[in-house]
Amino acid sequence: MALDCMRPFSTVGQEAPLTLMLAGALRQDLFTLKTMADAGDHEFETTQSGASETIPMQCSALRKNGFVVLKGRPCKIVEMSTSKTGKHGHAKVHLVGLDIFTGKKCEDICPSTHNMQVPNVSRKEFEVIDLSEDGFFTLMAEDGDTRDDLKLTESCSPNAPDAVRELLSAVEASGERVVATVWKALGEELVKELKTGKAN
């Protein structure tokens, strides 16, 4: 049908080359679209997946003993207070938290309607095999894999090397085991507490 409108400018003998030229241009356009689509698919496939390290939450929805990111650190909220709505703005929420890894106090003030970042805090249990002279744990996961990259810190309970070694000796005699709870948030990990439990 498109060729009829071009008939005054071409002869019957020239219609075949013109058709081939249009078909070639159409094939080139389709090839370009397919290439762009393939590139888009490739980009999509390489996008990282998995749980986000933080989630946004309205400041007024935060609660004491919950978690929040203050000054770039994952914190447990120990105190929060809300000021009355001012003449020209929102009510303000004053947050006080303790860094879950260092125990340091962090504070921030945020309008109640604004979003704050809440860290995704995960906990995993490992069996404690040993504590090295330089204070690093040897931990074993349920699947039998071991790791020795986490150090005993003041945030751990108990936090004295001698107390940990006494605990390990005591459970060895009783046939129990020491279980370490490892907390992870914002790419950091820490042995938070030790407890005794029955050996598997």
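Biologist: What share of the accessible surface of the chain belongs to carbon and sulfur atoms?

Modeller: This is a predicted model. The accessible surface of the chain comes to about 13600 Å². Of that area, the share belonging to carbon and sulfur atoms is 55%.

Biologist: How many strands are there in the chain?

Modeller: Along the sequence, the elements follow the pattern α-β-β-β-β-β-β-β-β-β-α-β-β. The chain has 2 helices, and its strands number 11.

Biologist: What percentage of the contacts with a separation of 6 or more joins residues 24 or more positions apart?

Modeller: Of the 200 residues of the chain, 27% count as buried. As for the contacts with a separation of 6 or more, the part that comes from residues 24 or more positions apart is 49%.

Biologist: Which are the edge strands of the open sheet of 4 strands?

Modeller: The open sheet has the order β2-β3-β4-β5, and its pairing is antiparallel. An edge strand here pairs on one side only, and this applies to residues 67–70 and to residues 105–111. From one strand to the next, the twist averages 45°. The edge strands are therefore β2 and β5.

Biologist: Which residue in β5 is the bridge partner of G97?

Modeller: Strand β4 covers residues 92–99 and runs antiparallel to β5, with 7 bridges joining the two. For G97, the bridge partner in β5 is C106.

Biologist: Which residue in the hairpin of β4 and β5 takes a positive phi?

Modeller: Between the two strands of this hairpin there are 5 residues. A positive phi near 80° is found at G103.

Biologist: Is S112 buried or exposed?

Modeller: S112 lies in the loop between β5 and β6, the latter spanning residues 115–119. Its neighbours within four places in sequence left aside, S112 is in contact with Q58, C59, S60, A91, K92 and V93. The relative accessible area of S112 is 13%. Because the cut-off for burial is under 20%, S112 is classed as buried.

Key: Residues are numbered from 1 along each chain as its sequence is written. This is a predicted model: local features need pLDDT of at least 70, side-chain atom pairs count only at pLDDT 80 or more; totals for chains, interfaces and linings use all residues. Side-chain values use heavy atoms; hydrogens and water are left out. Axes are lines fitted to C-alpha atoms, for helices over the stretch in contact, and angles run from 0 to 180 degrees between N-to-C directions. Buried means under 20% relative accessible area, exposed over 50%, partly exposed in between (1.4 Å probe, protein chains only). Contact means heavy atoms within 4.5 Å. Accessible areas come from the Shrake-Rupley method with a 1.4 Å probe; for residues, only the protein chains shown count as cover.
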